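Morning, everyone. Let me put the model on the screen, and then I'll walk through it.

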Amino acid sequence: MQIIKSKTSLIVLVMIISFGRMVDATENKTEKPNIIFLLADDLGWTGLSCFGSDLYETPNLDRLAETGMKFTNAYSACTVCSPSRASIMTGMYPARIQLTDFIAGQNRPYAKLNIPQWTTGLNHSYVTIAEALRDDGYQTAHVGKWHLHHAGRNENDYGPTKHGFDVDIAKPKGTRGYRLQRGGNPNGESKSEYLTDYLTDQALAFIDEARESPFFLYFAYHVPHTPIDGRDDLVAKYRDMIRDDAVHKNPKYAAMVASMDMSVGRLLKRLERHGIDDNTLVVFTSDNGGLTQRYGKHDGFTDNSPLRRGKGSAYEGGVRVPAIVRWPGITSPGSQCDAPVSTIDYYPTLLEVAQCTGSKDHNQDVDGLSLVPLLRNPANSLSRSLFWHYPHYHAGGDSPYGAIRSGSWRLIEFFENDALELYQLDTDPGEQKNLVETHPVVANKLHQQLRSWRQSIAAQMPTPNPDHDPTRAQRVTKKRK
């Protein structure tokens, strides 16, 4: 992975890129909006104040929602991170590209099912959103967590700069958790040695140098993923705010969310300073739900209530996420859209926003739909069902599963025992009442639709494990058999 080690080197690189595209940038300046895509890591549906948290303070993201559009039924394409990130990059379901678990994944050699031989990295055969925008004159920068390298292969061959990003700003070597080495950010605006602040300094430097022509900034935060370690001053603040009757009670986690929100605030202010905020689309969402438990034990990190469970699970808490989009002149301030949307939808959305057709030499089977009709009118809807396919085991979840959401209905199929669960989300968002027995016609229809979808994209399925041992079924190894 290419790492920009200083603000000076970042500026030099961006100036070179800018010079090489001067003509295109001049032509596109007044036509194509800048795009900033902000991705939280393991942030649950209620992880922001404007989405219902009773502890986490997020004034900047709240302001983004007040000046843009909230999506109340937004989903990640998978219950874990790498597949969802791949869906953002390609607009395709993880099952279609067979990248269905976090990289490098894990294996339970004595579980009831063997997981399939899935693809542990993003292949070069797909045209990423960064490649499409770069080919259309955009300057492109990746900041933060990539998590799409091929396991066991040279990272330099599969990093962001090999998938369409001109600039890659990653976690500096020597960083431990969220703490840079002492003196690790001497040239940054903040001078802070907390990772989120350092990455924000670098993102601001990119905006400063790229502002004269269309740019695409993909900022993938590391927070609030484990290890749970907030900035010391913010941890102290939230420790004094804990209430016994609150849902959210972890001051370190609250501090991590706050550092992310402060980063968003700095980015938005920089857009205003340069006078480009009115010509910049800003998207904020998360790669999956908040982590609430591992191996059946609640960790106390966060809580996704009223949704059931969290990251790694088959339930809504694992895949429903906060989402906010602000496109000045298009999205109505303070608007809300209740239509179900997914991370697969951002690829076609950004292409339409940028008036970009994508690669001229490649025809990609994009599964997502453009959200532009919803951005223009939140009362619009997208006529389709959403699907999930997770043929894996996870420390925070259940057995391998598939799921479909159609309208207000959500059906889950567990592959270990072929069990079905059916929920009506508009009246039961917490998925507490299984309606399979009382609505068998609905369950059968959705099950057939789910199975047909899997067949249509050649989804990989787990297979019976001849070494299954119930007494050792939970044992985990990082290597697949």
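Start with a definition: two strands pair if DSSP finds at least two bridges between them. Helices (H or I, at least four residues) and strands (E, at least two) are DSSP runs, numbered from the N terminus. This is a predicted model, so to speak of local features we need pLDDT of at least 70, side-chain atom pairs count only at pLDDT 80 or more, and totals for chains, interfaces and linings use all residues. Residues are numbered from 1 along each chain as its sequence is written, and side-chain values use heavy atoms, with hydrogens and water left out.

First, the sheet. Which residue is the bridge partner of Phe387 in β14? Ile404. That bridge links β13 to β14 (residues 401-406), and the two strands pair in the antiparallel sense over five bridges. The open sheet has four strands, in the order β13-β14-β15-β16, with antiparallel pairing. β13 (386-390) and β16 (419-424) are at the edges with a single partner strand each, so one side of each has no neighbour in the sheet. On average, neighbouring strands are turned by 10 degrees against each other, direction ignored. Axes here are lines fitted to C-alpha atoms, for helices over the stretch in contact, and angles run from 0 to 180 degrees between N-to-C directions.

α13 (residues 440-456) lies across β13, β14, β15 (409-414) and β16. It runs at about 65 degrees to β15. Contact means heavy atoms within 4.5 Å.

Next, a helix pair. The axes of α3 (residues 59-66) and α9 (residues 251-274) come within 7 Å and cross at roughly 55 degrees. That makes α3 oblique to α9. The cut-offs: under 35 degrees is roughly parallel, over 145 roughly antiparallel, 65 to 115 roughly perpendicular, and the rest oblique. From α3, Pro59, Asn60, Leu61, Arg63 and Leu64 take part. Their partners in α9 include Met260, Met262, Leu268 and Glu272. By class, the contact has seven nonpolar, two polar and three charged residues. Ala, Val, Leu, Ile, Met, Phe, Trp, Tyr, Cys and Pro count as nonpolar, Asp, Glu, Lys and Arg as charged, and the others, Gly among them, as polar.

On a 1 Å grid over the protein atoms alone, a cavity is a set of points where a 1.4 Å probe fits but cannot get out; a pocket is an open set with protein on both sides within 12 Å along at least five of seven lines; lining residues have an atom within 4 Å of a point. Grid points are joined across faces, edges and corners, and a volume is the space filled by probe spheres set on the points.

The largest pocket has a volume of about 420 Å³. Of its 20 lining residues, Lys145, Trp146, His147, Lys171 and His222 are closest to its centre. The second largest pocket is about 270 Å³. It has 13 lining residues, with Phe102, His225, Thr226, Lys311 and His394 nearest its centre.

How many cavities of 30 Å³ or more does the structure hold? One. The largest cavity has about 40 Å³ of space. Its lining includes Asp42, Pro224, His225 and Thr226.

Look at the backbone there. A cis peptide bond joins Val223 and Pro224, with omega about -5 degrees. Another cis bond joins Thr226 and Pro227, with omega about 5 degrees. Pro224 lies in the loop between β6 (215-220) and α8 (232-239), and Pro227 lies in the loop between β6 and α8. Asp42, in the loop between β1 (34-40) and α3, has a positive phi, near 70 degrees.
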